[in-house]
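Student: Could we go through this structure together? I would like to begin with the contact between the chains.

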Amino acid sequence: MLLSQYLFFFLSFVAVLSALMVILDKNPVHSVLFLIVTFFAIAGHYLLLNAQFLAVTHIIVYAGAIMVLFLYVIMMLNLNKEIEPHKKNIPKVAAVISAGVLMMCLVALLKGAEVQMLPAARNSNIGLVDSLGKVLFKEYMLPFEISSVLFLAAMVGAVFLSKKEIH
Amino acid sequence: MLTFIIYKSILVLIVFLISLGVAAYATYGERKVAAFMQDRIGPDRAGPFGIFQPLADGLKMFMKEEIIPTVSNKFLFILGPSLAMLTALMAGVVVPWGGKLAIGDHYYPLQITDINIGILYVFGVVSFGVYGIMIGGWASNNKYSLLGALRASSQMISYEIAMGLAIVALVMKTGTLSLGEMVAQQGTGGWWNIVYQPLGFLIFLICAFAETNRAPFDLPECETELVGGYHTEYSSMKLGFYLFAEYINIFISSAVISTLYFGGFNLPFQSHIPLDGNWLVIAQTAFFFGKVIFFIFFFMWVRWTIPRFRYDQLMNLGWKILIPLAIFNILATGVLMYALGKV
């Protein structure tokens, strides 16, 4: 086997295991840390596909910024086992049912899917910043700009909500 | 292939050792600079002029009693300083330390790897560096540590944005994300990037101070308010790792600043200097380290000159001054490039 295949299996193992630990660990801070490990494993997958730009932005945005804020909030709330409120049974049952429905949808969706090999993604330059930028700013110019407007709206909304009083 | 791996491993080892060595002597330099600024002598007991002081300090750190609070999370408590050290050492991989050495008929570049997104890699490592402080501060199970860690994280996230925006303008000008290419551009044509991006450099420099938690931005370890900040509960070499990581960060920041804005390893008026081959490469590397040492000195100079910010001042500076300035810088760069027909 190729080295990249070993790496692929290792990264997949780490990603799945840490993703499981996110939901299995009782401590919310540990969950966040496991989620960061998952993001790193996924970034490793991007690297295997020669998408370095995607891998690094994934780490900067998700692991470096969003998860820091998650961790920040959870540390501020200081959630831990002793003070965690006891959950009632009804939400638990509802959660199990909705998760089961989601599982069924996923299985139904994936049943019809065919396994395909991507055409030599490892050696293509599709993930390099050069080609990515060209695609983003030529073919997908309008969706890109619209999504940036969406982000701006979200930012303005966040500032608006966090203001206690409006002068 | 095998020689390639051996050569790269040796280079990694050398960069690793130089980072540690420079950081160790930066602690000595810091105390000497502080002493000079305050009209004192500074450390002078260990060896002539006290030059063995870092060794004595290191030995002291190793020999001290190691205390792990019983109520803390032991694994994360140890992970904190390890992560701080790890992320501090990782960024040196993409810095071009010099040109290509010719030995026999092979060329050996003095840069470990020139990935095409080098500057973003540095960014990724920097943005990850906050976890060492956050995890350590939380795992200590101490209010002061937690407050220090929260301060550190909010400060680093805030200043990362302005830093990124300052880099965007630089990338617009150079048209590449690779550090090796940026240095090559500054060597062959025109001026160093500081001439084209003075405002961007100023923003980047301020943000570098904030990212390394150096005075005037050392609020995460503000001893008048927080005892010792995020490392209050740490002792022995784990405390040493935190302090040491800060000096490695200063070293790497200085190297990145020199690379991005001050021509990297290029000499001034390089084409007029009658040196060639390996001698030129050696002179370039020496000059690069000269620039780096100057910036390390600058970090210390500022620390012993300017008092610490208040927390609201820090946030106002980051969000209301630096970010708008950085956006203006991007706009001005774009307009200038368009006006000069460089697009």
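Predicted model: local features only at pLDDT ≥ 70, side-chain atom pairs only at ≥ 80, totals over all residues.

Tutor: Residues are numbered from 1 along each chain as its sequence is written, and chains are lettered from A and ligands numbered from 1 in the order in which they are written.

Student: How many residues of chain A are in contact with chain B?

Tutor: On chain A there are 17, facing 18 residues of chain B; a contact means C-beta atoms, placed from the backbone, within 7 Å. Helix α3 (residues 52-77) of chain A supplies the largest share of the chain A side, 14 residues. Helices here are DSSP runs of H or I with at least four residues, strands are runs of E with at least two, and both are numbered from the N terminus.

Student: And which classes make up that side of chain A?

Tutor: It has 14 nonpolar residues, three polar and no charged. Ala, Val, Leu, Ile, Met, Phe, Trp, Tyr, Cys and Pro count as nonpolar, Asp, Glu, Lys and Arg as charged, and the others, Gly among them, as polar.

Student: Take A63(A): buried or exposed?

Tutor: A63(A) counts as buried because it has 22 C-beta neighbours inside 10 Å. The cut-offs are 20 or more other C-beta atoms within 10 Å for buried, 12 or fewer for exposed, and partly exposed in between. A63(A) lies in helix α3 of chain A.

Student: What does A63(A) touch?

Tutor: Leaving aside residues up to four places away in sequence, A63(A) touches I36(A), F39(A), F40(A) and F128(B).

Student: Changing topic, how do α9 and α11 of chain B cross?

Tutor: The axes of helix α9 (residues 198-211) of chain B and helix α11 (residues 236-261) of chain B come within 11 Å and cross at roughly 170°. Axes are lines fitted to C-alpha atoms, for helices over the stretch in contact, with angles from 0 to 180 degrees between N-to-C directions.

Student: Which residues make that contact?

Tutor: From α9(B) come F201(B), F204(B), L205(B) and A208(B), and from α11(B) come S253(B), I257(B) and Y261(B). By class these are six nonpolar, one polar and no charged.

Student: Finally, what is the secondary structure of chain B?

Tutor: Chain B has 13 helices and two strands. Its C-alpha trace spans about 60 × 50 × 45 Å along the principal axes, and 44% of its 343 residues count as buried.

Terms used
Contact = placed C-beta atoms within 7 Å.
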